[in-house]
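Biologist: Can you put the model on screen? I'd like to go through it with you piece by piece.

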Amino acid sequence: MALAVQDKLRAWAEKELLPLRIQQAERTAILLGDAVYSLAWEPSKGRVLLRT
């Protein structure tokens with residue numbers, strides 16, 4: 001069961017371009033001193049979206 005959850009999380013991270021979003025947040029933190037990650041449900045895509 002844990003393996004199935006891990007696979008789903010990895011697939012989600014790929015769809016959301018997680019490494020790029022983390023990098024974007026780090027750059028924002030360097031420039032502004034802070035960064036925020038926002039998770040929101042997107043009904044049209046049927047998944048959670050990550051915003052920085």
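Modeller: Here is a walk from the overall fold down to single residues. Keep in mind that this is a predicted model.

Biologist: Fine. What secondary structure does the protein have?

Modeller: The protein has two helices and two strands. Read from the N terminus, the order is α-α-β-β.

Biologist: Is it compact or spread out?

Modeller: More spread out than a compact globule, because the radius of gyration is 13 Å, well over the 10 Å that the globule rule gives for 52 residues. Along the principal axes, the C-alpha atoms fill a box of roughly 40 × 25 × 15 Å.

Biologist: How much of the protein is buried?

Modeller: Buried residues are 12% of the 52 residues.

Biologist: What about contacts between residues at least 6 apart in sequence? What share joins residues at least 24 apart?

Modeller: That share is 34%.

Biologist: Switching to charges. How many are there, and how far apart are their mean positions?

Modeller: There are 8 positive and 6 negative charges.

Biologist: Now the helices. Where is α1, and what is its span?

Modeller: Helix α1 covers residues 2-15. Its 14 residues should span 20 Å at 1.5 Å a residue, and the end C-alpha atoms are 20 Å apart, so the two values agree.

Biologist: How many of the α1 residues are buried?

Modeller: One of its 14 residues, so α1 is hardly covered going by the 20% relative accessible area cut-off for buried.

Biologist: Give me a couple of examples from α1.

Modeller: L3 sits in helix α1. L3 counts as exposed because its relative accessibility is 57%, and exposed means over 50%. D7 is also placed in helix α1. D7 has a relative accessible area of 45%, so D7 is partly exposed.

Biologist: How far is D7 from R21?

Modeller: Their C-alpha atoms are 20 Å apart in space. In sequence, D7 and R21 are 14 residues apart.

Biologist: What comes after α1?

Modeller: L17 follows α1, and its phi is positive. The value is near 55°, in a residue other than glycine.

Biologist: On to α2. How many residues does it have, and what is its reach?

Modeller: Helix α2 has 15 residues. From first C-alpha to last, α2 reaches 21 Å, close to the 21 Å expected at 1.5 Å a residue. After α2 comes G33, with a positive phi near 90°.

Biologist: Which α2 residue can we look at?

Modeller: I22, which is placed in helix α2. I22 is partly exposed, with a relative accessible area of 33%.

Biologist: How far is I22 from T52?

Modeller: 7.9 Å, C-alpha to C-alpha. I22 and T52 are 30 residues apart in sequence.

Biologist: And L3 to T52?

Modeller: That C-alpha distance is 28 Å. L3 and T52 are 49 residues apart in sequence.

Biologist: Last stop, the strands. What lies between β1 and β2?

Modeller: A loop that contains S44. Strand β1 is 38-42 and strand β2 is 47-51.

Biologist: Is S44 buried or exposed?

Modeller: Exposed, at 66% relative accessible area.

Biologist: How does S44 sit relative to L32?

Modeller: S44 and L32 are twelve residues apart in sequence and 32 Å apart in space, taken C-alpha to C-alpha.

Technical notes
Residues are numbered from 1 along each chain as its sequence is written. This is a predicted model: local features need pLDDT of at least 70, side-chain atom pairs count only at pLDDT 80 or more; totals for chains, interfaces and linings use all residues. Side-chain values use heavy atoms; hydrogens and water are left out. Helices (H or I, at least four residues) and strands (E, at least two) are DSSP runs, numbered from the N terminus. The radius of gyration is taken over C-alpha atoms; the globule rule is 2.2 Å times the number of residues to the power 0.38. Buried means under 20% relative accessible area, exposed over 50%, partly exposed in between (1.4 Å probe, protein chains only). Contact means heavy atoms within 4.5 Å. Lys and Arg count as positive and Asp and Glu as negative; His and the chain ends are not counted. The place of a charge is taken as NZ of Lys, CZ of Arg, CG of Asp or CD of Glu. The expected span of a helix is 1.5 Å times one less than its number of residues.
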